[in-house]
Structures are given as C-alpha cells and as structure tokens.
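Welcome! Have the sequence and the 3D view ready, and let us walk through this protein one region at a time.

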Amino acid sequence: MRTIIPFNNNWLFISQDVGNDVLDSSFEPVTLPHTNKIFPHHNFDNAEYQFISTYRKHFQLPEVRHGRQVFIDFDGAMTACEVFLNGQKIGDNEGGFTPFSFDITEYLREDGDNLLVVRLDSTERPDIPPYGFVVDYLTFGGIYRDVWLRYVEPCHIEQVFVRTKDVLTDSPSVEFDVQLSQQDGRPLRFEISLLNAEQNVLYQDVRSVSQSDSPVKTETISHLSGIQKWSLDQPILYHLLVKLVQDGQVLDEQKIRFGFREAEFRKDGGFYLNGELVKLIGLNRHQTYPYIGAAAPARLQRKDADIVKYELGCNIVRTSHYPQSTHFLDRCDEIGLLVFEEIPGWQYIGDNDWQGITLRDVQVMIERDRNHPSIMLWGVRINESKDNEALYRATNELAHKLDPTRQTGGVRYFQNSQFLEDVFTFNDFSNSVQEPEHVPHLITEFSGHMFPTKIWDQEERLIEHALRHARIQDKQLGMPSVAGAIGWCAFDYNTHREFGSGDRICYHGVMDIFRLPKYAAYFYESQISPDVRPVLRAATIWSMGDRSGGGNDPLVIFSNCDEIEVFIGDNSFGRYQPDREAFPHLPHPPFQIRGIQLWITWGQSFPDLRLVAYYQGAAVAEQRIASRGLPHALELTLDDVELRADGADMTRLIFKIVDEYGNRIPYTNQVVNFEIEGSADLIGENPFALMGGQAALYIRARHEVGVVTVRAVTPGLTPATVTLHIR
Ligand code: GAL
C-alpha cells in the first residue's frame, strides 16, 4: 500500500553552497515551508535572497519498505536545485513554481542513517522562467512549500484525472483516467467508490483493468442521480476513491476530490457556470507575504482565499503569474472561488531550452491541478509576452490534450495579438474598458501601476483609487461582450527596484501587503449581497483639511444597503441612496453624498460622524467616526487562536491604533513594541514603526504545545495582550 509521510521537519539549513566537510553544527535547524531569508516588509535589498544555499536532512526510513519504491516529493523550491542522497546525485529541477519528485529507492540505506542534501540555487537565473529580463515581483528563495516521502508498490497509480459529464442533466456521469506506473501482465482490477463530502458511499463497483499497452485506463460511472452541483454559493464536493487490486491485495489507492460543474466561456462573450451567466469580478493574487516571502504554511494560504472571497466579495482570482500553492486552490474549491491559473513568466520569452521549461510548466501545472473544480481557465502564455506562434500553438495544444474540459487563455496587453486561445484574456490599462475585438473577452488586469495607492495616502487619492475600480467594474458589468474583469491586484506586493515605489513594494493592492483594506477593498466588499451581511464603510477619515481645498465633500460611502442616513453630531443630514446614475450596472453602487460643505467646512470645529444603513426598511448597520482624531486604544487581533505545534503553522497578528469607535488613526507613526511568551515566535519587525496606523506580524508555532501570550506596548496607550494555544 501507499504511505505518504510529511517530510517538513528536522531540516538543516546554511545560506552557503557547502560540501560535506562542513559540520552540521554550522547549520541552522529549520522546518519547511522555509524562506532562505526573513526580510523587513519593505526597504530591503532583494539581491539578498539570491544565493545558493544547502539544506540537509538526516533520516532513517520511517517505515519498512517491503519491496515498495520510495519517492521524495517536493511541492516547490525556488529556483533550481540538485538533490543528493547518501552522497549520490538523485536528480535536479529547474523552476520554482511547480512540484517535482525523485525515486530514491536505489540510493536508500534501509537500516541506517540517510543524508539528503539539497543544493538550492535561489538566484534569478536567466535560463529559467520568469527570468531573462526584469520581472515585477520577487521570487524569494528557499524550499518554500511542503515536502513528502511517498512509498508505493512498483505497480501503482501515478495520476487520476476526473471529468464530470452531463452535469446539467438529471443523470450526470463521471469519467476518469487512471495512469498506472507499470503493469506486470498479471490481472488487475479497480475497486472504485464515489463518496460525498460526508464520506458516505454513493456508488461502488469493481472493474477489471484492460491489458492495453497504454498506461492510462479510462473508466466511466454513468447515470448517477441525486448529484449536487459545485457552485459559487454551494461548492459541493465529492470524492472518487480508486483502489488498485491484484490477487486480492490492494496495491494502491488514491482519493480525488472534485466537483460536478460545467464552466465555459461561450461565443456570445459570457461566462457560464452550470449553464447560468456569471459576470466575473475578481482580483489578481501574488503568492508572497511580508517578511516570509512565499514560505507561507497552509493556514495562511487558505486565509488568502477566504479574504478574496469573503472580505473582498470576489467570485474569481487569477494566480498571477504562476501556479500557486495547492492549499490555496483547495480552499478555493471549498468556498466556491473561481480560479484562472497560469504558467510562470513575465513579458520575456527565452531561448529553446527556456521554452522547453515553459512547456513542462504547462504540463506539470495541468497535471497537478486539473481536478480542482475552482479552476476554470488555463493561462498558457507568458504574461504580457509578445506573440510567438510556434510556442503558443504548442502550449495550447498541450493544454487541450492534457485537459479537454477546460478552455485556455493567454494574457496579453495588446488587442491585435494573435488569438490562439479559447478566451481573449486582456490587460486593459486604459482606465476604462476597451471595446473587445475578440470574444470571449476577459479583462485580466486593470488599474495597478496606473494609480498606486498607499494606505496612508491622502483620502482623496484613496477614494479615487476605489472609484477607478468601481467605474471599471461597473462598465464591464454593462458590456455583454466582456465576460468579466480581474483588477490589479488584491494585495500590495514586494518587487524589484525597477518597479514599485522604490521601497520594494508595488502599492497596487486594494489591500496593503498585510492584507488590510484600503478604500478600494471596501468597494469590492460592498458588492457582497446584503443577505449575506450588511456592509457599511465610509471612505473618510473625517477631518477638515486632508483633502485638497478642505472638507469632506462629497462624502463617499461603500455599502450594499438601500439607504444611508447621515448624522453630523446629533443632527440628521438626510437619507441617501446609492449613486445609480454614475454606476448604473453595479449591484451596489457607491454613495456619493454632496453638500456636506454647507454644514461644516475648513477651519470650523465639527462633531462626530454617524452613519446608519437601512436594508429593506430596517436599520442594519451603523458606523461612527470620532471628530477628535486622537489615538484612543491599541488594538491587537489574531486571525486564529489555535495553531498546530508543527514548527511551521502561523497566524497573523494585526495591530492598530484606533479612535473611540475602532477606526484606524490613519497618520500615526507611533512605535509599537512586542513581547512574546510561550512556544511560538514572532515574525516581522519588532519594534514596528507604524505608517498608516496599522500593520501585522506573524506568530509561528514551535514544536511544543502550550499557551502563548503576546503583549504590545506603545507610548501613551494601555498595553494590549492576546493569547493563543499551540496544540
Ligand atoms: C502588468 C503586469 C503585472 C503588474 C502590473 C502592474 O503589466 O502584468 O504583473 O506589473 O502591470 O500594473
């Protein structure tokens, strides 16, 4: 039988290219996912992650082999590596965004100590995508994803690819390919079960495996009934369990999670999920985080998906510009968030060998991810590269061969490029929506570098940033020939000196690098249905002289409610409705309330702002902003109150200086000091000099269980404390 053992623990790391003569004592003990360097969140030299490092892992075979083969599986390591076991080279890999595996059976010492060594080159290698030219994101180094040890019988299942058919009928079916490693001529059979999310068996059967030469065996389960579809609101998942049996013995089994859904872009220009037109509204996501680069454990990956779906109300995310963590994609499946996934690259196309890696990236991405119901489109061009007919015919052909169920896109920024894909995926930086020349047409980026915005910018800039997103989403919603728009981007991200604001950040996010909202995030959030939850977010710091010319006019509010009553002090300024004239297509247009300057203006004293939002006649939300504008409290918030004692699990600790109603004090630059007690570590800048009144650190569990307390101190305010449990 197959055994899979997590292999993230007990690694040794040194930030140098060393031979066997260097003692283990010179190495540092680490747990994966691991970044080869912890950085401040900005103002660092990104050349500092570019070096060759050495990882070692001593291990004894955790389980007796009993004739099985043993593989080591890497989910990803940036950027290129050579791997050695017991002094012998077992293989290498080029490319940091896709998984790779080695059969280590013949190099193993079954009864003694084994030494695994990874020589990892994290330099920006021009021979490996995305490099060769400048790139607007960073490829932080390290074995930054999970590693596994896998035991399998010589005859085992390599892959299962599940396809659902006739999903819109009452009797859908499942067709699946099982790829076997080898066959010895003796009869084999599959025992197959279909299970629902609660693991109840809905169907079971035994099939004899055909003795054809092809390693890929195709089976079908037809005429199912009572199947529920995977949708955005109800992302119902099923499992297919395939057991490979010989002489009454189970040789291997794989359980694949999938969903019944039909997703297609049609000739009329629309995107249809289960036969229903869905306008796509989304954001791009980079996989990097402050301090830890891309070495985020499952919990943080899953949290990002939750943020995009639940805090930003999006129905689609693009994994710009590479395949991202399977933890992220798993969560997208679970919560009903569509994904446009693409191959690594950025504008530049290299030589034949480089393009060979690109073709391999297409293959590995699709083979890794084609069972995810959330993924509905493959990006098979290097983002924003020039036309290259031979390469892109090949990537499209390969994608269609590996996955006949999904369409392809390929992101470009010029409309007259060769349309070789199924969907014309287009970056539109016109600050409007260009009339499509080809359909289906999906906008894959807009805004971004055209209007960078920091969380501590003057409020009129933050408002304009939000309204740009609102205007473009409004416009695309009104154009039937446009399938949707995915803005640039969800989160501010670290980048090279050649891009961004010079401090190694592109401030293009609707949230900052800590995933904390700018006003543009409030715009997206306000498109959530009020039946899910009322949203009421004033886009103002309620001061008299922050905007050019002073005052607060117009008062902009992002809300999904029907009406908002504005109170200035105790006086009602009136009830207002969303600006449907300026935004005729948005489900929930922004409120733009004019005339405030008639009441209060620059130089006058002014009372608190109070907003009350009404939905279907009832008051459902209230927001107050203090006129006093002074720090009232230091607030600490944890995303999670429990972590796993696995040495890698992390959660975010948000800290804010707020007014008496919990609104961030936007321009405070107070210093906050943190102390931690217990079996966890703080990751990030400590002390932290605030910009914009808020930021975040991460708390990383150690290997011991216990209680952890974090205390934060800042001048003039009561210290704040939070507690969490490491289990
Ligand atoms: C695009 C590019 C993105 C990002 C963005 C900034 O051209 O595809 O990666 O650089 O510009 O707006």
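## A histidine in a loop

Let us begin with a single residue. His321 sits in the loop that runs between strand E22 (316-319) and helix H2 (326-335). Keep in mind that you are looking at a predicted model.

What kind of peptide bond joins Ser320 and His321? The bond is cis, and its omega is about -10 degrees.

## Around the ligand

His321 also takes us to the ligand. There are 13 residues around the ligand, and those that come nearest are Asp136, His321, Trp346, Glu384 and His449.

In His321, a polar side-chain atom lies 2.6 Å from an oxygen atom of the ligand. For Glu384, too, the distance from a polar side-chain atom to a ligand oxygen atom is 2.6 Å. Glu445 has an N or O atom in its side chain that is 2.8 Å from an oxygen atom of the ligand.

## Five domains

Now step back to the whole chain. The domain assignment divides the protein chain into domain 1 (3-152), domain 2 (157-258), domain 3 (279-380 + 444-525), domain 4 (536-625) and domain 5 (633-726). Notice that domain 3 is written as two stretches, 279-380 and 444-525.

## Where domain 3 meets domain 4

The centres of domain 3 and domain 4, taken over C-alpha atoms, are 30 Å apart. At their interface, 16 residues of domain 3 are in contact with 20 residues of domain 4. Together the two domains bury about 1600 Å² between them, and carbon and sulfur atoms give 62% of that area.

Side chains of opposite charge can pair when their charged atoms come close. Between domain 3 and domain 4 there are two salt bridges. The side chains of Glu525 and Arg537 form a salt bridge, with 2.9 Å from N to O. On the side of domain 3 that touches domain 4, helix H5 (459-477) and helix H6 (519-525) each supply at least two residues. H5 gives the most, with 10 residues. Sorted by type, the residues on this side of domain 3 are eight nonpolar, three polar and five charged.

Another cis peptide bond runs from Asp553 to Pro554, with omega near -5 degrees. You can find Pro554 in the loop between strand E31 (536-538) and strand E32 (555-559).

Asn431 is worth a look for its phi, which is near 60 degrees, a positive value in a residue other than glycine. Most residues other than glycine have a negative phi. Asn431 lies in the loop that connects strand E26 (424-427) and strand E27 (441-445).

How many salt bridges does the structure hold? The count is 58.

Key
Residues numbered from 1 in each chain as written. Predicted model: local features only at pLDDT ≥ 70, side-chain atom pairs only at ≥ 80, totals over all residues. Heavy atoms only, no water. Domains from an automatic or database assignment. Contact = heavy atoms within 4.5 Å. Buried area = accessible area lost by both parts, 1.4 Å probe. Salt bridge = Lys/Arg side-chain N within 4 Å of Asp/Glu carboxyl O. Helix = DSSP H or I, 4+ residues; strand = E, 2+ residues; numbered from the N terminus. Nonpolar A, V, L, I, M, F, W, Y, C, P; charged D, E, K, R; others polar. Near = heavy atom within 4 Å. Polar contact = N/O pair within 3.5 Å; in protein donor to acceptor, adjacent residues only side chain to side chain.
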